[in-house]
Amino acid sequence: MSVARVDVVMLGLLAEEPLYGYELIERFRARAMGWWTEVARASVYQALRRLEGAGLITGKAQDGVEGPDRRVYRITRPGRDRLRRGLLERFVQEAGYRSDPSVALGMIHALPPDEARAGIAQREAALSALLDGIAADHVRLKAASGPANVVARRMLQLQGDLARTEIAWLGTLRRDLGRLTR
């Protein structure tokens with residue numbers, strides 16, 4: 001992977017309009033992007049410095065009207081090219097759906113049956129809570145307009161579909177536990 005995830009996210013948000021660092025973080029949160037990608041707050045500011053140093057974005061100091069001074073960032077033509085490359089290289093990844101819960105589920109046969117059943121129940125509860133959070137964010141995003149928000153709602157739908165599919169799969173795993181555990 002030649003373009004870092006945080007770079008793709010920052011460049012993608014800046015491709016829409018110039019923003020300052022805190023606005024980037026707030027836009028990330030407002031779109032509920034944390035459901036489908038991970039970007040730490042500290043890495044945002046590091047990425048902005050790195051992207052500006054590489055000429056992929058430009059930053060301009062702006063006097064704060066109601067708050068502190070800030071730096072407003074704008075994507076450059078090379079930045080748009082890097083964003084395009086970063087997006088296109090991600091479509092061909094065979095990454096699968098790796099997660100810590102997947103490790104536990106993939107090794108569930110090593111647990112006694114009662115602990116395996118309890119683990120499945122805990123995972124179902126976690127997925128139900130996840131679905132509740134997704135539903136709340138989906139309601140909040142319904143009021144937001146623009147193509148990026150349409151995509152954000154579709155990404156929430158995908159996360160919900162994946163969670164519901166995993167819940168159904170857990171039901172089949174529970175039925176097969178007798179054959180899978182010691």
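Buried means under 20% relative accessible area, exposed means over 50%, and partly exposed is in between (1.4 Å probe, protein chains only). Before you start: this is a predicted model, where local features need pLDDT of at least 70 and side-chain atom pairs count only at pLDDT 80 or more, while totals for chains, interfaces and linings use all residues. Residues are numbered from 1 along each chain as its sequence is written, and side-chain values use heavy atoms, with hydrogens and water left out.

**Exercise 1.** Work out whether Glu124 is buried or exposed.

*Solution.* Start with the helix: Glu124 sits in H6, residues 113-142 (helices are DSSP runs of H or I, at least four residues, numbered from the N terminus). Next, take its relative accessibility, 18%. Because that is under 20%, Glu124 counts as buried.

**Exercise 2.** Find the salt-bridge partner of Glu124.

*Solution.* First, the rule: a salt bridge puts a side-chain nitrogen of Lys or Arg within 4 Å of a carboxyl oxygen of Asp or Glu. Then place the two: Arg174 lies in helix H7 (residues 147-180) and Glu124 in helix H6, so the pair ties together parts 50 residues apart in sequence. Finally, Arg174 is partly exposed, at 33% relative accessible area.
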